[in-house]
Amino acid sequence: MLKLFGELFKVKTPAVSLLCRAPNSTAAIPAEWRPPREVWLESLGTVQEQKLGILSLDNAVFGASPRIDIVHQNIEWQRKYRFVSFAHSKTRNEVRGGGRKPWPQKGLGRARHGSIRSPLWRGGGIAHGPRSPTTHFYMLPFFNRVLGLVSTLSIKLAQNDLHVVQDLEIPTEDPQYLRDLVSERLWGPSVLFVDSSDVLPRNISIGADSINHINLMPAYGLNVYSMLKHNTLVLTESALRDIERKLVEHLNRNDARSLMSKFQHDK
C-alpha cells in the first residue's frame, strides 16, 4: 500500500502555461486580450443619478497598470517647473562698507585682512549663498508625461472616481444645484469637470464660478496634478473620446527617438 501511494505521488503533472494556471488573474494577460473597461454614461439633467447607457473604454488608457513612480515624477515636475526662487544674499562686493584695509599687513602681529566685509567677518558678505531669481524649470520626458496621464486615468477609474456624462448642460445656473448634485451622487467635496471645448455651457459656468472646490477645464488642459487634486473627475463623452484617441496615438508613435531628445528652450 505504501508503495502504491509512492507511485501516485511521483506522477508528474503536465506543464501548464501561466495563462491557464491562473485564469482569474489579469496581471499576465496583455491589454489587447482583456475585455474592454466599461463605464456608465450619466446625465446632469437631474440631481439624482440618471444612467443613459454603457460606454466601452480602451484598456491601454483606462486599464493600464499604474506607475506610481511616474505619477510622482509628474507631480514634482508640475510643482517645480513654474517655481522661481527669489532668495538672495549679498556677496562681499555688494555689502555696504569695507572699502579700506582694516590694519596694516605686517607689524601688528594680527591676522592679515583686506576688508571687514569678507565672508570671514561678522556682517560681511555671504559666500556661495542663494542668488535670485533662480528658476527650477525642467522638462519631463515626453513619454513620462503620457504615462503619467494614462496611470492617473486608470487609477481614477479603478477607484470609481471617474464618471462620464453626456454633456455639461444643467437646468439652472443656481450654485446650490451643483452642491446638491455632488452631495447626492457622493462625488466628494472637490470635482473637476472636463469638456472637449473651452467654451462651456452658460449655466454650469456661472454656477461653478462661486464654488471653490468645483472647477471646469477643457480637455487639452487635463493634467496629472489637477486630476489628483480633485476627488472626482467628470468627463463629457466627447472629452473622453478626444483624450482616449490622443493618448492611444501617443502610446503607439514610431518617432520616439526624436521625442526623447533633450529639451531646448528655443523650440
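In α4, Ile 68, Ile 70, Val 71, Gln 73, Asn 74 and Trp 77 meet Asn 144, Arg 145, Leu 147, Gly 148, Ser 151, Thr 152 and Ile 155 of α5 (contact means heavy atoms within 4.5 Å). The residues of this contact divide into six nonpolar, six polar and one charged; Ala, Val, Leu, Ile, Met, Phe, Trp, Tyr, Cys and Pro count as nonpolar, Asp, Glu, Lys and Arg as charged, and the others, Gly among them, as polar. The model is predicted: local features need pLDDT of at least 70, side-chain atom pairs count only at pLDDT 80 or more, and totals for chains, interfaces and linings use all residues. Residues are numbered from 1 along each chain as its sequence is written, and side-chain values use heavy atoms, with hydrogens and water left out.

**Chain**
- The protein chain has ten helices and eight strands, taken as DSSP runs numbered from the N terminus (helices H or I, at least four residues; strands E, at least two).
- Of its 267 residues, 33% count as buried (under 20% relative accessible area, with exposed over 50% and partly exposed in between; 1.4 Å probe, protein chains only).
- Among contacts between residues at least 6 apart in sequence, 72% join residues at least 24 apart.

**Helices α4 and α5**
- The axes of α4 (residues 68–80) and α5 (residues 142–158) come within 8 Å and cross at roughly 115 degrees; axes are lines fitted to C-alpha atoms, for helices over the stretch in contact, and angles run from 0 to 180 degrees between N-to-C directions.
- That angle makes α4 roughly perpendicular to α5 (65 to 115 degrees; under 35 is roughly parallel, over 145 roughly antiparallel, the rest oblique).
- The crossing of α4 and α5 is left-handed, meaning that the near helix is turned anticlockwise from the far one by less than a right angle.

**Ser 43**
- Ser 43 lies in the loop between β1 (37–42) and β2 (51–57) and is buried, at 14% relative accessible area.
- Its side chain reaches the backbone nitrogen of Gly 45 at 3.1 Å.
- Leaving aside neighbours within four places in sequence, Ser 43 is in contact with Gln 50, Leu 52 and Arg 185.

**Trp 103**
- Trp 103 lies in the loop between β3 (84–85) and β4 (134–135) and is buried, with a relative accessible area of 14%.
- Not counting residues up to four places away in sequence, Trp 103 touches Leu 108, Arg 110, Ala 111, His 113 and Trp 121.
- A polar atom of the Trp 103 side chain lies 2.9 Å from the backbone oxygen of Ala 111.
- Trp 103 and His 113 are ten residues apart in sequence and 7.6 Å apart in space, C-alpha to C-alpha.

Definitions and conventions. A polar contact is a pair of N or O atoms within 3.5 Å; within protein, one must be able to donate a hydrogen and the other to accept it, and residues adjacent in sequence count only if both atoms are side-chain atoms.
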